[in-house]
Amino acid sequence: MRRMMTTRAIAFAVLGGSAVLIGGLALSGSPVKVRAVEAARVAKAPVATPVAKVPPKPVAVAAEEPVDAYVVKRVLNVPEPLRHGAYYWDTEGVPEGPIVITVDLMAQTLSIFRSGYEIGTAAVIYGADEKPTPLGVFKITQKDAHHVSNLYGAPMPYMMRLTNDGVSIHGSALMDGKYATHGCVGVPTAFAKLIFEQVKLGDRVIVTSGEMLARGGRITAA
């Protein structure tokens, strides 16, 4: 039986890279052209001599925020450890904007962000050792509110597909830490419906194991 962690972790990753960053800022700099400064010409002499050039002084360049940085502006206040079957949801005052979903398998939690604000979080069930939930950055490629698995014949309400071989986020009636999936991320069905209504095809889902990000951090895969 898996035990829930007493703290929540919010996953994040770097788009297009194999490394996963943990905490801190993801900043990038851009090259700056530095023009060489020539030394003053030496006085003319009877015999011409080479003129030395003074190397340019180093120029301090401030790091720039990546264009695609997705700053976490709010994390929901969850007063107690998340239990399987429980979830939190709050969109009041949150502006419309891009959606990013993070899943941390170690903490067994899913968080959904809109415009950088966490609007929902819940405990999850996930793939067992035989069929583990893959780590990485995925896009939602299909949505089906009444999906039934063509491999196992099991209902997968509010299915949001992540991979071509059947891994998805979907509602599950068996929300208990002793259960596992065939690689999918299972959440309470009512919570899956809320997510389903928010996301669109192409939205990002970041799956990690043990990575944490606090308010003010950047999800650079957004």
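Which order do the six strands of the open sheet follow? The order is S1-S4-S3-S2-S10-S5, and the pairing is mixed. Strands here are DSSP runs of E with at least two residues, numbered from the N terminus, and two strands pair if DSSP finds at least two bridges between them.

Before I continue, a word on the basis of this presentation. The model is predicted: local features need pLDDT of at least 70, side-chain atom pairs count only at pLDDT 80 or more, and totals for chains, interfaces and linings use all residues. Residues are numbered from 1 along each chain as its sequence is written, and side-chain values use heavy atoms, with hydrogens and water left out.

I turn now to strand S2. Six of the six residues of S2, residues 99-104, are buried, so the strand is largely enclosed by the rest of the structure. By buried I mean under 20% relative accessible area, with a 1.4 Å probe and protein chains only. Both faces of S2 are covered: Ile99, Ile101 and Val103 are buried on one side, and Val100, Thr102 and Asp104 are buried on the other.

Which strands pair with S2? On the one hand, S2 runs antiparallel to strand S3 (residues 109-114), and six bridges join the two. On the other hand, S2 pairs with strand S10 (residues 204-208) in the parallel sense, over five bridges. Threonine 102 illustrates both pairings: its bridge partner in S3 is serine 111, and its bridge partner in S10 is isoleucine 206. Isoleucine 101, in turn, stands opposite valine 205 in S10.

S2 and S3 form a hairpin with four residues between them, and glutamine 108 in the turn has a positive phi of about 60°. Threonine 109 lies in S3. This threonine 109 counts as buried because its relative accessibility is 3%. The C-alpha atoms of threonine 109 and alanine 123 are separated by 4.4 Å, although the two residues are 14 apart along the chain.

Next comes the step from S3 to S4. These strands run antiparallel and are joined by six bridges; the bridge partner of arginine 114 in S4 is tyrosine 117. They too form a hairpin, here with two residues between the strands, and serine 115 in the turn has a positive phi of about 55°.

What does the side chain of serine 115 reach at 2.9 Å? It reaches the backbone oxygen of glutamate 96. Serine 115 is buried, with a relative accessible area of 13%, and its place is in the loop between S3 and strand S4 (117-123).

Of the seven residues of S4, six are buried, so this strand is also largely enclosed by the rest of the structure. S4 pairs with S1 in the antiparallel sense over three bridges, and tryptophan 89 stands opposite glycine 120 in S4.

There is also an open sheet of four strands, in the order S6-S7-S8-S9, again with mixed pairing. Its edge strands are strand S6 (142-148) and strand S9 (185-188), each of which pairs on one side only. Neighbouring strands of this sheet are turned by 25° against each other on average, direction ignored. Four bridges join S8 to S9, which run parallel, and serine 172 stands opposite proline 188 in S9.

Finally, the largest pocket. A pocket is an open set of points on a 1 Å grid over the protein atoms alone, where a 1.4 Å probe fits, with protein on both sides within 12 Å along at least five of seven lines; lining residues have an atom within 4 Å of a point. Its volume is about 590 Å³, taken as the space filled by probe spheres set on the points.

The largest pocket is lined by 29 residues, of which Tyr152, His170, Thr181, His182 and Cys184 lie nearest its centre. Strand S7 (155-161) and strand S8 (168-172) are the elements that give two or more residues to this lining, and the largest share, four residues, comes from S7.

Note on methods: Buried < 20%, exposed > 50% of the residue type's maximum accessible area, 1.4 Å probe, protein only. Polar contact = N/O pair within 3.5 Å; in protein donor to acceptor, adjacent residues only side chain to side chain. Axes fitted to C-alpha atoms, helices over the stretch in contact; angles between N-to-C directions.
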